Amino acid sequence: MSLPPYRGGLVDPSLVSPQVAFLPAGAQATRPEELSQRLGIDPEQIALLAANENPLGPSERAVEAAATAVREMHRYPDPEQRKLREALAHYHGVTPEHVFVGAGSTEIIELLVRTFAGPGQTVVGGWPTFAAYRIAAQVAGREFLTAPLSRGRLDLAGIAALVDLRTKLVFIANPNNPTGTHVGLRELVAFLNRLPPETIVVLDEAYADFVEARDYPASIRELLPGHPRLVVLRTFSKAHALAGLRVGYAVMAPPLVRYLELVRPAYAVSAVAEAAALAALEDLEHVERGRRLVFRERAQLLSSLRRLGLRPFPSQANFVCVGGLEGVCEHLERKGLLVRSLTGYGMPDAIRISVGAPEANLRLIEALEAFLEAREGGV
């Protein structure tokens, strides 16, 4: 007897723990092939501007390294990622014992909560911010306390006010996702000095390579030496364009690394991912080309959005956040343009636009202009 097809949905909350049963439903990403079939659009004409992917694509050196590593896929990967940790240590001027590598920075976020936040302890951050912090805390059964943003920026004073003796972890996304705004060195130093010494602070710098602001901290060099409970989180998904391989890393004091190693799953990072990350780390020219592309196109996007009468946040990431556009996602989808709705972040009229290739960005602005004209005309 064959099983009936599954129709989707959460049908029996009693199957899972309460903290999982009450998780908010995640946003369902529209796949390009589905949109192509539904609207009769050539797949090549669909612009993916929702996930902050690198429009330049990966380094050819990374592609070649991954292809070579595939030939050894019958072998288990190095469970300690020694070569990559050594390369990252050299790159950042620390020792390999300061570096922890995971299957994407999201895995490291989950491991940090599982490892360091015990029963009755809290996790603190801003909101809206990267949803993985809240999800990791809730799945672990830990309370996630948040301070609202102030004009799209993390309110460090508000976050610090939530920290008490129960607080084990504080997450600071800098630049913040989904708004793209940042906090500077002086603010961060004052914030860190205000917290209890036993609190672990995670600076998530996934978008650090796209920052142009002069006050942005060189956290590993300027902050880590004086704050033994600081964790600086980075990823290979953005500037290095390896999102599909899932490689992230964190730099922190060696005792923290050792505790994470006790909790992590064995062989979490594949040999293919490690090989590609090693090659990508060496191809600084490719990273710089991608940075220049983002700087140029981000400036153009921000200028064009303002020209349309919109008020985007001043982004330091490879995306732009803008409000005043309720209902625009459906309009853009019909044009083959996929952006991220921020309704799930409590911003129902806002969208997050990944900085794409020039032609995709131009199409997006033209589609937004048509949407605004139709709205003003009552069409």
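**Exercise 1.** Does H240 count as buried or exposed?

*Solution.* The structure is a predicted model. Start with the position: H240 sits in the loop that runs between β7 (230–235) and β8 (248–251). Next, take its relative accessibility, which is 11%. The cut-off for buried is under 20%. H240 therefore counts as buried. Finally, list its surroundings: leaving out residues up to four places away in sequence, H240 touches P58, T235, A280, L281 and V287.

**Exercise 2.** Determine how helices α5 and α6 are oriented to each other, and which residues form their contact.

*Solution.* Two packed helices are described by the angle between their axes and the distance between the axes. Here α5 (residues 105–116) and α6 (residues 131–139) pack at about 40°, and their axes are 9 Å apart. Angles under 35 degrees would count as roughly parallel, and 65 to 115 as roughly perpendicular. The two helices are therefore oblique to each other. The crossing of α5 past α6 is right-handed. On the α5 side, T106, I109, E110 and V113 make the contact; on the α6 side, A132, Y133, A136 and A137 do. By class, these residues are 6 nonpolar, 1 polar and 1 charged.

**Exercise 3.** Describe the largest nonpolar core and the contacts of F191.

*Solution.* The largest nonpolar core has 47 residues, and I159, I172, F191 and F236 have the most contacts inside it. Helix α11 (residues 271–282) supplies the largest share of this core, 9 residues. Setting aside neighbours within four places in sequence, F191 is in contact with L156, I159, A160, V170, I172 and V201. Another core, of 26 residues, lies apart from the largest one and includes F116, L169, V231 and L233.

Methods. Residues numbered from 1 in each chain as written. Predicted model: local features only at pLDDT ≥ 70, side-chain atom pairs only at ≥ 80, totals over all residues. Heavy atoms only, no water. Core = buried A, V, L, I, M, F, W, Y, C linked by side-chain atoms within 4.5 Å. Buried < 20%, exposed > 50% of the residue type's maximum accessible area, 1.4 Å probe, protein only. Helix = DSSP H or I, 4+ residues; strand = E, 2+ residues; numbered from the N terminus. Contact = heavy atoms within 4.5 Å. Axes fitted to C-alpha atoms, helices over the stretch in contact; angles between N-to-C directions. Parallel < 35°, antiparallel > 145°, perpendicular 65-115°, else oblique. Left-handed = near helix turned anticlockwise from the far one by under 90°. Nonpolar A, V, L, I, M, F, W, Y, C, P; charged D, E, K, R; others polar.
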